[in-house]
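Student: Could you help me learn to read a structure like this one? I would like to go through it feature by feature.

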Amino acid sequence: MIRNQEDTIAAVATPLSSAGIGIIRISGPEAFTVADRVFQEAGQKAPLLEAPTHTIHYGHIVEDGRIIDEVLVMVMRAPRSYTTEDTVEINCHGGVLVLRKVLDLVLRNGARTAEPGEFTRRAFLNGRIDLAQAESVMDLIESKNEYAMRGSINTLKGKFSEKIRSLRSEILYQNAYLEAALDDPEHISLDGFSEKLITEDEKWITTLSSLISQFHNGRILREGIRTVILGRPNVGKSSLMNLLMGEERAIVTNVAGTTRDTLEEYLTINEMGLTLVDTAGIRETEDVVEKIGVERARQNAEAADLILYVVDGSENLQEEDYEIMELIRTRKAIVILNKNDLDMQMLPRELEFLVQKKVSPFSAKSGEGLNELKTEIQKMFYEGRLTMNDELFMENARQKESLEKAKSSLTMVKNNLLDGMPEDLVSIDLTDAYEELGKVIGESVDEDLINEIFGRFCMGK
Amino acid sequence: MISIEQTYDVIVVGAGHAGCEAALAAARLGCETIVFTVSVDSIAMMPCNPNIGGTSKGHLVREVDALGGEMGKNIDKAFIQSKMLNASKGPAVHSLRAQADKQVYTREMRKTMENTDHLTIRQGEVCELIVSRDGEKAKVCGVKTASGMVYRAQAVVLATGVYLNARCLTGDVIQYTGPNGLQAATHLSDSLRNEGIELVRFKTGTPARVDKRSIDFSKMEEQFGDERIVPFSFETDPESIQREQVSCWLTYTEEKTHEIIRANLDRSPLYGGIIEGTGPRYCPSIEDKVVRYPEKDRHQVFVEPEGEYTNEMYLSGMSSSLPEDVQYAMYHTVPGLENVKIVRNAYAIEYDCINPQQLEATLEFKSIDGLFAAGQFNGSSGYEEAAAQGIVAGINAARKVQNKPAIFIDRSMGYIGVLIDDLVTKENHEPYRMMTSRSEYRLIQRQDNADERLTPLGHEVGLISDERYEKLLKKEEHIEQEIERLQKTHVGCSEEVQAFLEKHESTLLKSGISLAELVRRPELGYEVTEEIDPARPDTLTEAEKEQVEIHLKYEGYIKRQLQQIQNFRKLEAKKLSKDIDYTTIPSLRKEAYQKLNAIKPVSIGQASRISGVSPADISVLLVYLEQMGRKRMQ
């Protein structure tokens, strides 16, 4: 399904690289209206809708009377903007978490999340970018899409997508029953269906509400810097992970079980979010002698923003170490020379020369070197050497938007049934909910309904 | 053999439901038209079920009528029972269905055809397509019949139904005939293949016809028609068709029936592997139902008359290809059919048809100029689906001859558009049946407003008279005025109004409200509110009143769907040239460019409906289009 090309879109327009300023861009015919709904200018000023082009406005982003952030808002009228459409740019100051909240608010007030590369695409389609750049626009769309798809697969394994999937199949089943009955009223009856559907529908709404609130709490949003810990078995990866989590443990949620063989934890270091991935955390405890699956490590490393490579300093480098070094050569990585407290077989300098990466001496036993490691990660982030996965961030925003839309469609279903509206209207909203949920887990909807009707119900002559 | 030649404007091959509409449309548009049939007695024959219409199919009949087709008028002459299905549900799924007297249906259509100017009916088997390859693109020039005669024309419509290389199967008995023992067409397939047309093999089936006198109706439930009969054609006066109706009957299979079927599955040509063709899922044979739905302990069987002057009855729900002895055994287990005598066996039929992705949405072949196709030949099923394609193919064949641009009915205009777009765009692995769930703008595409949607096009094309068109404009005006009046009429909280609301268990008013708001309430409606609407005009027809009510009651959803239609049209308006080689567009995924090259969509909209083309691919195409546009400007 293809989205409307001319509605109003929003996204974070700056890389999520530091806790400082971030810009949210809103573009499209409703840009000013949407911004006016969330922005309150200091002093009694006219709405942005009436503001002259290329003016900057100081004020606050407000939700239900509560100030979310202090911002500067720039108004650019068509065609004098990047996309050539009416555009508002909100400069936020409150860091990544606040940025997310503001975007969320904008999306709930009439904009939809931009597709990967959509601002640039619009700029091109509207004649803003010259022809020579057309191919790079297409490449951008392609690569961003691939990234987003991979991102959504990475974040949405396990229980969450399982829930969405089962919700979808339940909705599909009821919708198929309804459609089968509409198409074949002489064989399939709708007597009592309405009551049954209301019960089901209420259950679905509850499930969705709980999923949405999990998004609010950030339990599903895991757009921190994706940090993967690599290393041979028994070099101290899990100890490093435990140490990093340390006092944070109490406030993080463990999402173990999302996959059988990776353990993910979320932590923040001075507002900077980190998603820690321990590649073989669980496997190792199950089967100590099993070697790291190089292939799996490679996959994880590819999706990572930062790699922490742990080396056991008390042993000589082994073949697998050279494989890992090759793997991290072109990536952002810090090498952690563990077992600093034992007899060291190599010096940090030697290793540094070998891998051409910063090497941090470390002792998992005493915790020595931990603070230095944290400082180093922070330094990389603030200096912009390390960026967060902003496609993943947007992907999350899109997913949440879809969940909200699905919920509102299901609420319509209930209200219509209670109002005694005909069943075929209900089917329109059921289909909408089904499609929105499909977007969350990246599944297409083509022919699903028709196949379900034929698969489940005995139709026809 | 000495061959002679004749020249026409348009040739139609086949005189089934597609062929009849195609031939009538072309002739009525002024083209000298000849229609071929293997038997003149089988014009508009109904070889399967004795009904016209049904869910979503009723919509198609209405749309064919709105365009100026014949099916609606013909069934209004030939019906013996009529029912509005889903009448208790929303207006979008109301569907008219009539039982036809098959003989009368055929006779009336034949009469109409025989009395249409510019139309020639010719019995004979067309066995060869004549195609010229002199020009840049292949072009059809005519056909050759089995007798060696050559007919030349600028446009040919293929509407061969299920006759191409047909074979009928009952158990291990195979007969190489078309339906009802009619002669199959055995030569044309090879000629089509020689012209590069890809054929596939589909199958369908039909139940037995039995003798009414051998049925015990006391064991069945009687099924009556509606008290007030609604005509199919917008031109038929409802009063003129209120007449006595014939009943149908309902009975059920028993566990014993299913046991017999299960025990004999190995003798079924389908399960025994003799049948190669793909059958329709929506219309399963009784053996399919028993296998696929083992949890169901009974299946409905509707016993329907084949006509008023015959004792033959149709056993709807029990189509089969099991051997004759098994058919007897299983039918005899059904209550009321214990002693039933079979007049005609149930059978499965296999036939050649095309992969319709070879067609444009105008129903012209992409690779051969002037060659059109319609009906079951295109991989669809059903009389109504056939007629819908027939009229479009007929109109476009005529317009080809007259050098006019082809008409194109898109998905937002009606079920005909959905049907054709699905056929030419999507992968189709079974005989395609229309369903209301296939239409994404169902609330706009109702059977009651088919005239509003398509009669303007029919008028523009030339199949609808000025008089009929003006009548439509008047109707629309009346509806609009009445809606406006209701929106402007203010209702205060008078005692009379409150009492009225109380009587109908509707929430009492706290302040004034428009009459339109009251009509919108589910428990009220247009008719009921007349009581508190002294100024209501008494000039509105039933159809106009119905429109007023629907427009007000479903306004929210109607607006939503209209908005969606607007978005849809924007993408349809972004045209893609046939000359694009999609492999040369960077950033398209492999699956996408392969499919795009195979189908060559006419617009971004159509491209977006091809399975395997993702939204990202569409983004890329949009950028590519703009890129091409600018290069041309430079």
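Student: How many residues of chain B are in contact with chain A?

Tutor: Keep in mind that this is a predicted model. Here 46 residues of chain B are in contact with 40 residues of chain A.

Student: Which elements give two or more residues to the side of chain B that touches chain A?

Tutor: Those are helix H16 (555-573) and helix H19 (615-633) of chain B. H19(B) supplies the largest share, eleven residues. By class, that side of chain B has 18 nonpolar, 18 polar and ten charged residues.

Student: Now the helices. What describes two packed helices?

Tutor: The angle between their axes and the distance between the axes describe such a pair. Take helix H12 (residues 466-488) and helix H15 (residues 542-553) of chain B: they pack at an angle of about 50°, with their axes 9 Å apart. Because of that angle, H12(B) is oblique to H15(B).

Student: Is the crossing of H12(B) and H15(B) left-handed or right-handed?

Tutor: The crossing is right-handed.

Student: Which residues make the contact?

Tutor: From H12(B), they include B:Lys475, B:Ile479 and B:Leu486, while B:Glu544, B:Val548 and B:Leu552 are among those from H15(B). The residues of this contact divide into five nonpolar, three polar and three charged.

Student: How far apart do the C-alpha centres of domain 1 and domain 3 of chain B lie?

Tutor: The assignment gives domain 1 of chain B as 5-203 + 351-461 and domain 3 as 480-560, and their C-alpha centres lie 43 Å apart. Their contact takes five residues from domain 1 of chain B and six from domain 3 of chain B.

Technical notes:
Residues are numbered from 1 along each chain as its sequence is written. Chains are lettered from A and ligands numbered from 1 in the order in which they are written. This is a predicted model: local features need pLDDT of at least 70, side-chain atom pairs count only at pLDDT 80 or more; totals for chains, interfaces and linings use all residues. Two residues are in contact if their C-beta atoms, placed from the backbone, lie within 7 Å. Helices (H or I, at least four residues) and strands (E, at least two) are DSSP runs, numbered from the N terminus. Ala, Val, Leu, Ile, Met, Phe, Trp, Tyr, Cys and Pro count as nonpolar, Asp, Glu, Lys and Arg as charged, and the others, Gly among them, as polar. Domain bounds come from an automatic or database domain assignment. Axes are lines fitted to C-alpha atoms, for helices over the stretch in contact, and angles run from 0 to 180 degrees between N-to-C directions. Angles under 35 degrees count as roughly parallel, over 145 as roughly antiparallel, 65 to 115 as roughly perpendicular and the rest as oblique. A crossing is left-handed if the near helix is turned anticlockwise from the far one by less than a right angle, and right-handed if clockwise.
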